[in-house]
Amino acid sequence: SQNIEHDVIKEASVPNPDPPADSPTAAQLSEHTPYMVATYVRPPPMMVKGEGCYLWDAENRQYLDFTAGIAVNALGHSDPEMAKLLYQQARTLIHTSNLYHNPWTGELSKQIITKTLSAGAMHTASKAFICNSGSEANEAAIKFARKVGKMRMPSGTQHEILSFHGSFHGRTMGSLSATPNPKYQKPFAPMIPGFKYGTYNDESSINSLVTDKTCGVIIEPIQGEGGVNVATPSFLQALRTRCDEVGAVLIYDEIQCGLGRTGQVWAHQTLPKSAHPDILTTAKALGNGFPIGATIVSEDVAQCIVTGDHGTTFGGNPLACRLAHYIFSRLSDPELLSSVQSKEHLFRRHFEHLQRKYPNHVKEIRGRGLILGLQLACNPTPVVTAARERGLLVITCGTNTLRFVPPLIISEVEIEAGCAILEKAMEVVFADGEEVQGTKGQQEMAPNGR
């Protein structure tokens, strides 16, 4: 009876209360959960529909989405043109494997290279390998770096890969070996040999970490899962210089921070050419929810890769590539990119207000464009829950950081509405002292606690 009373009070006090234990959603979850490997801890709502910047759950509750499927749905949910192209291509040709040519793998590869060059990004971009996910894109990058090292030093002495604390490069064994968090690596240890880890933005350690044994350095220009940490231009330049000195490959992982999220096509394109990478990886927004990834390489790297060195069954299928071709054209549109920067200013204005209002709780604002982080002094999950139960979806990252990666098409009116909900959620948690039970799992690599 106490639980029923609690649910009644909750229903009356918040507009979007999580579905209670006796809801149709809970009944469906209890039916499905026994058959699912427990890789995620999810909050109670079940999402069934999306349109633009909004999601609806099975109880028909509406949510403004500041998460975009973890920086994936840059064009929002259920983009009409994407849905039309998906239908057309699905009726024409979905898959043939890479044993045969299809028109869209090449067309997408050409578009990626030409638009990257015209944007002023990676000036050595020459060829693209199309795959299915970000982790696969990084696996390819790691393998390509190893192959370059082997071509330079056939003895195999140039084989080490350097990555950085706070990074997240994926879940497969190679990309996980480049993700130096004991919580994530320990269950699957030992990692692949030859990986070293440095401190993000620490220029003084570069020369001792990048040596003649180093074949590659992989880094996110903006760390997403690590807490929305931005690499300094001087740090990236120093990495580039040291890689050139020892003959190592520099890899920029822009899976989360690239494809328009900073207001440029690529996060690194504001850097001088002398700080550009040899390999660039992408995924997430490239498919707007449809699985696809890409590894972009320079001609020097491409010359080291021969037939049979790497491959994929599904990667480059005509359905994924046709969709990505359309999505890339949208995400590289100058008008959309310009709007990202003005939307960043609006978010920051609201965040600065929250920082002034709750100085003991809101400590720092980080990020660029529409990949922004709000560093809290406490566990953010009660704020996440309070926001969700008022119709706003936000996620976390790093240590006590709220992460904001909304669709790039979000309007200023929607930003204002979402930030008003966020302020109300903080008011409930910080000012009113209301006890809000935080929901675990609102982070891609959060441990499940078992």
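Phe 347 and Phe 404 are both buried, where buried means under 20% relative accessible area, with exposed over 50% and partly exposed in between, using a 1.4 Å probe and protein chains only. This is a predicted model, in which local features need pLDDT of at least 70 and side-chain atom pairs count only at pLDDT 80 or more, while totals for chains, interfaces and linings use all residues. Residues are numbered from 1 along each chain as its sequence is written, and side-chain values use heavy atoms, with hydrogens and water left out.

Staying with Phe 404, the rings of Phe 351 and Phe 404 have centres 4.7 Å apart and planes at 45 degrees, so the pair is tilted; rings of Phe, Tyr and Trp (its six-membered ring) pair if their centres lie within 6.5 Å, and planes under 30 degrees apart count as stacked, over 60 as edge-to-face and the rest as tilted. This pair links distant parts of the chain, with Phe 351 in helix α13 and Phe 404 in strand β17, 53 residues apart; helices (H or I, at least four residues) and strands (E, at least two) are DSSP runs numbered from the N terminus. Phe 351, like Phe 404, is buried, and ring pairs join Phe 66, Phe 347, Phe 351 and Phe 404 into a cluster. In total, the structure holds 11 aromatic pairs.

Turning to helix α10, residues 233–246, its buried residues are Phe 235, Leu 236, Leu 239, Arg 240, Arg 242, Cys 243 and Val 246. After α10 comes Gly 247, whose phi is positive, near 80 degrees.
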